[in-house]
Amino acid sequence: MNYLEILDKDKNQRVTRKILIANELLKKHSTPFLIIQQKEILKSINLFKDYLPKIKPFYAVKSNADKYIIELLKKYNFNFDVASAGEIELLDRLKIPGNRMILANPIKNKKSLYSACKNKVWAFTFDNIHELVKLKNYLTEFKLKHIPNAIVRIFTKSEGVQTDLSQKFGAPVEDAIELIYFARELGFNPIGVAFHVGTQSFSSKNYEKSIQDCLYIFENVYKRYNIELEVIDIGGGFPIDTIGGSGTDNLATFFEELSEIYEKYELYKYKVIAEPGRIISGPCGTLVTKIIGKSKRFGKNFLFLDDGVYGCYSGVIYDHAKFNFIPLDKKFLDISYKDRLIPYTLAGPTCDSIDIIDENIFLPDNLEIGDYILSTDIGAYSIMSATAFNGFKPAKVLYLNNNDKLENEHIDIDFDIYSLNIVSENYNESEENN
């Protein structure tokens with residue numbers, strides 16, 4: 001889909017509005033910059049409120065740990081899915097208590113578990129016996145009173161997803177039943193089952209199959225071991241349209257199907273939680289870059305942008321993400337350009353040849369150095385995994401309030417979780433890997 005086709009299908013004027021905002025901000029701000037729109041975050045929040053009101057969302061901090069987003073979600077009573085001591089301590093700094101967190105990384109280092117116990121995190125996930133034994137040994141060493149509840153994560157077999165997360169995590173269903181029993185025998189409090197269908201799952205059937213597995217485990221772990229479970233964690237994977245630029249605008253059918261699944265399996269009998277990440281932080285982000293170079297190499301047209309896969313387009317490498325690319329000059333937005341589009345390879349500013357953002361992107365034949373390019377729905381993961389490789393700093397971040405007025409800005413985004421330290425007489429960081 002080329003950018004003119006995107007604009008032709010832009011019935012809600014969503015992309016058109018983002019173009020107008022970007023051109024206005026370009027009057028005062030140099031590229032690259034990432035626009036964060038509060039309005040888009042609220043739209044995503046309302047999807048869960050309107051269609052899945054009885055499911056408690058735990059925002060996946062990993063998708064974008066910017067405190068602006070986190071504090072807004074805190075205000076709207078979201079809980080939080082954390083993966084490390086750094087993320088736990090970041091939320092603690094923002095006055096978010098541990099009972100609003102789940103440590104959803106199935107493999108935890110000592111520092112993460114210590115922080116979870118110290119901050120009284122509600123629950124943690126696990127998917128193998130070695131993890132349980134390791135955690136038991138850590139807890140014996142820590143001698144802390146609080147032990148988070150335990151949730152077993154199961155393997156999922158999903159279709160049509162962008163990234164299959166079960167390549168790394170998840171126990172087979174029958175193994176999960178035994179793991180729950182073993183967790184109880186080790187002194188943990190097993191309370192439920194978690195799964196993750198994989199990223200960008202546009203099919204609700206992926207969720208339905210895993211919910212069936214959860215209910216099977218609930219039934220059989222009670223029959224065999226008299227253990228009652230109450231939590232079903234349906235994970236993340238909620239999709240957004242990063243190519244067509246519609247964000248969450250066309251997800252009503254998908255969420256209606258999830259709501260029907262909730263009723264079909266009488267999930268109101270249980271405590272159901274979810275871990276949305278991309279669907280919250282993705283649509284709110286729009287990246288604006290400048291063309292800083294062009295060339296023709298072996299018959300291919302190249303455009304070099306001032307941001308690339310080491311920056312906000314890092315999702316191309318780490319997340320298998322695909323984005324749209326829209327020229328900002330209004331002359332290029334006219335339908336008359338449909339016969340003047342040629343394929344380009346888009347590259348970033350670094351000296352590394354892996355810094356290729358995308359290929360065969362159809363753009364105007366007369367784009368020049370100094371023209372600007374916009375990509376919508378790029379707020380998730382992108383800035384989180386951006387680096388300063390080759391001395392190129394990550395994009396400046398501009399925050400717009402619910403009226404799309406500039407509210408704040410900064411260059412070094414405020415989620416330096418790695419500078420946070422956990423200090424305790426019971427925790428010895430030098431022994432972390434022992």
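Helices and strands here are runs assigned by DSSP, numbered from the N terminus. The model in every view is predicted.

**View 1. Glu266 sits in the loop between helix 10 and strand 9 (271-274).** Glu266 is not a glycine, yet its phi is positive, at about 50°. Most residues other than glycine have a negative phi.

**View 2. A cis peptide bond joins Thr31 and Pro32.** Omega for this bond is about -5°. Most peptide bonds are trans. Pro32 belongs to the loop between helix 2 (14-25) and strand 1 (33-37).

**View 3. The largest cavity has a nonpolar lining.** The structure holds two cavities of 30 Å³ or more. The largest contains about 70 Å³ of space. Which residues line the largest cavity? They are Leu52, Ile55, Tyr207, Ile211, Ile234, Leu258, Ile261, Tyr262 and Leu267. By class, the lining has nine nonpolar, no polar and no charged residues. Helix 9 (205-225) and helix 10 (252-264) each supply at least two residues of this lining. Helix 10 gives the most, with three residues.

**View 4. The second largest cavity is lined by nonpolar, polar and charged residues.** Its volume is about 50 Å³. Ile240, Thr242, Arg278 and Gly282 are among the lining residues. Asp319, Ala321 and Phe323 are also part of the lining. The classes divide into five nonpolar, three polar and three charged.

**View 5. Helix 9 meets helix 10.** The axes of helix 9 and helix 10 come within 10 Å and cross at roughly 20°. Angles under 35 degrees count as roughly parallel, so helix 9 is roughly parallel to helix 10. The crossing of helix 9 and helix 10 is right-handed. From helix 9, the contact uses Tyr207, Glu208 and Ile211. From helix 10, it uses Phe254, Leu258, Ile261 and Lys264. The residues of this contact divide into five nonpolar, no polar and two charged.

**View 6. Helix 7 (residues 129-142) passes helix 8 (residues 173-185).** How do the axes of helix 7 and helix 8 lie, and at what angle do they cross? They come within 10 Å and cross at roughly 10°. Helix 7 and helix 8 are therefore roughly parallel to each other. Their crossing is right-handed. Helix 7 brings Ile129, Leu132 and Val133 to the contact. Helix 8 brings Leu179, Phe182 and Ala183. By class, this contact has six nonpolar, no polar and no charged residues.

**View 7. Helix 3 (residues 38-51) crosses helix 4 (residues 67-75).** The axes of helix 3 and helix 4 come within 11 Å, and the angle between them is roughly 40°. Helix 3 and helix 4 are therefore oblique to each other. The crossing of helix 3 and helix 4 is right-handed. Gln38, Ile41, Leu42 and Ile45 come from helix 3. They meet Tyr68, Ile69, Leu72 and Leu73 of helix 4. The contact of helix 3 with helix 4 has seven nonpolar, one polar and no charged residues.

Note on methods. Residues are numbered from 1 along each chain as its sequence is written. This is a predicted model: local features need pLDDT of at least 70, side-chain atom pairs count only at pLDDT 80 or more; totals for chains, interfaces and linings use all residues. Side-chain values use heavy atoms; hydrogens and water are left out. On a 1 Å grid over the protein atoms alone, a cavity is a set of points where a 1.4 Å probe fits but cannot get out, and a pocket is an open set with protein on both sides within 12 Å along at least five of seven lines; lining residues have an atom within 4 Å of a point. Grid points are joined across faces, edges and corners, and a volume is the space filled by probe spheres set on the points. Helices (H or I, at least four residues) and strands (E, at least two) are DSSP runs, numbered from the N terminus. Ala, Val, Leu, Ile, Met, Phe, Trp, Tyr, Cys and Pro count as nonpolar, Asp, Glu, Lys and Arg as charged, and the others, Gly among them, as polar. Axes are lines fitted to C-alpha atoms, for helices over the stretch in contact, and angles run from 0 to 180 degrees between N-to-C directions. Angles under 35 degrees count as roughly parallel, over 145 as roughly antiparallel, 65 to 115 as roughly perpendicular and the rest as oblique. A crossing is left-handed if the near helix is turned anticlockwise from the far one by less than a right angle, and right-handed if clockwise. Contact means heavy atoms within 4.5 Å.
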